[in-house]
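Subject: Structure handover

Hi,

Here is the structure I promised to pass on.

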Amino acid sequence: MQIQLLAVGTKMPTWVKEGFEQYQKRFPNDCKFVLTEIAAHKRTKKADVNRIMQEEGKALIQAIPKGNKVITLEVNGKAWDTPKLAQQLAAWQMDGRDVTLLVGGPEGLSNDCLALAEQRWSLSKLTLPHPMVRLIVAESLYRAWSLNNNHPYHRE
């Protein structure tokens, strides 16, 4: 199985890239974790944010491989603790499809993206900075994988 984190934004600080890569490389070959970045449109004071959100949404949708299970990350999604995320990860693996996790831009995901969601996941009721979302998702999924595979990381 492959889990794709599909996120708006390409200019992440070095510490985010390095932190993400640290978790990404820990995943085994049978559960690959990849990042696909979509360029964020420029936002100005007079920008039409609805149009920008729709354009970013189109780019996200085009980057979803055919047949993937789509899960949106959004404030109004379901909150999962680590054991529940581990159960979700096991269910995704049993499903037999690759998974795409969608992270929108500053305004969130377009309605078209939301309509594709088979599941909606909330990391927090707080609005999190998008760079932090990448790290939290990577660590949380790795922890869930380690729990499912009796790996010592979860017990550290």
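A quick word on terms before the notes: I call a residue buried if its relative accessible area is under 20%, exposed if over 50%, and partly exposed in between, with a 1.4 Å probe and protein chains only. Bear in mind that this is a predicted model, where local features need pLDDT of at least 70 and side-chain atom pairs count only at pLDDT 80 or more, while totals for chains, interfaces and linings use all residues. Residues are numbered from 1 along each chain as its sequence is written, and side-chain values use heavy atoms, with hydrogens and water left out.

Let's start with Trp92. With a relative accessible area of 2%, Trp92 is buried. This residue sits in helix H3, residues 82-95; helices (H or I, at least four residues) and strands (E, at least two) are DSSP runs, numbered from the N terminus. Contact here means heavy atoms within 4.5 Å. Leaving aside neighbours within four places in sequence, Trp92 is in contact with Met1, Lys69, Ile71, Trp80, Leu85, Arg97, Val99, Leu101, Gln119 and Leu141. From Trp92 to Lys69 the C-alpha distance is 8.3 Å, across 23 residues of sequence.

Next, helix H1. Which residues of H1 (14-24) are buried? They are Val16, Gly19, Phe20 and Tyr23. Looking down the axis of H1, these buried residues fall within an arc of 100°, so they line one face of the helix. (The arc is taken over the directions from the helix axis to the C-beta atoms.) What they pack against is strand E1 (2-8), strand E2 (32-38) and H5.

That brings me to the aromatics. I paired rings of Phe, Tyr and Trp (its six-membered ring) if their centres lie within 6.5 Å, calling planes under 30 degrees apart stacked, over 60 edge-to-face and the rest tilted. By that rule there are nine aromatic pairs. One of them is Tyr23 with Tyr153, an edge-to-face pair at 6.4 Å centre to centre and 80° between the planes. Tyr23 belongs to helix H1 and Tyr153 to the segment after H5, so this pair ties together parts that are 130 residues apart in sequence. Both tyrosines, Tyr23 and Tyr153, are buried.

Another is Phe27 with Tyr142, also edge-to-face, with 5.7 Å between centres and 75° between the planes. Here Phe27 comes from the loop between H1 and E2 and Tyr142 from helix H5, so the pair ties together parts that are 115 residues apart in sequence. Tyr142 is buried, with a relative accessible area of 4%. Not counting residues up to four places away in sequence, Tyr142 touches Tyr23, Arg26, Phe27, His151 and Tyr153. The C-alpha atoms of Tyr142 and Gln24 are 8.1 Å apart, although 118 residues separate the two in sequence. Ring pairs link Phe20, Tyr23, Phe27, Phe33, Tyr142, Trp145 and Tyr153 into a cluster.

Now the largest pocket, which has a volume of about 350 Å³. Of the 20 residues lining this pocket, Leu73, Glu74, Val75, Leu128 and His130 are the closest to its centre. Strand E3 (69-79), strand E5 (119-122) and helix H5 (130-148) are the elements that give two or more residues to the lining, and E3 has the largest share, with three. For the search I used a 1 Å grid over the protein atoms alone: a pocket is an open set of points where a 1.4 Å probe fits, with protein on both sides within 12 Å along at least five of seven lines, and lining residues have an atom within 4 Å of a point. The volume is the space filled by probe spheres set on the points, which are joined across faces, edges and corners.

Asn148, in helix H5, counts as partly exposed at 33% relative accessibility. Beyond four places in sequence, Asn148 is in contact with Ala86, Leu89 and Ala90. Asn150, in the segment after H5, is exposed at 59% relative accessibility. Asn150 has a positive phi of about 50° although it is not a glycine. Ser110 sits in the loop between strand E4 (99-103) and helix H4 (111-116) and counts as buried at 2% relative accessibility. Leaving out residues up to four places away in sequence, Ser110 touches Met53, Gln54 and Gly57.

Cheers
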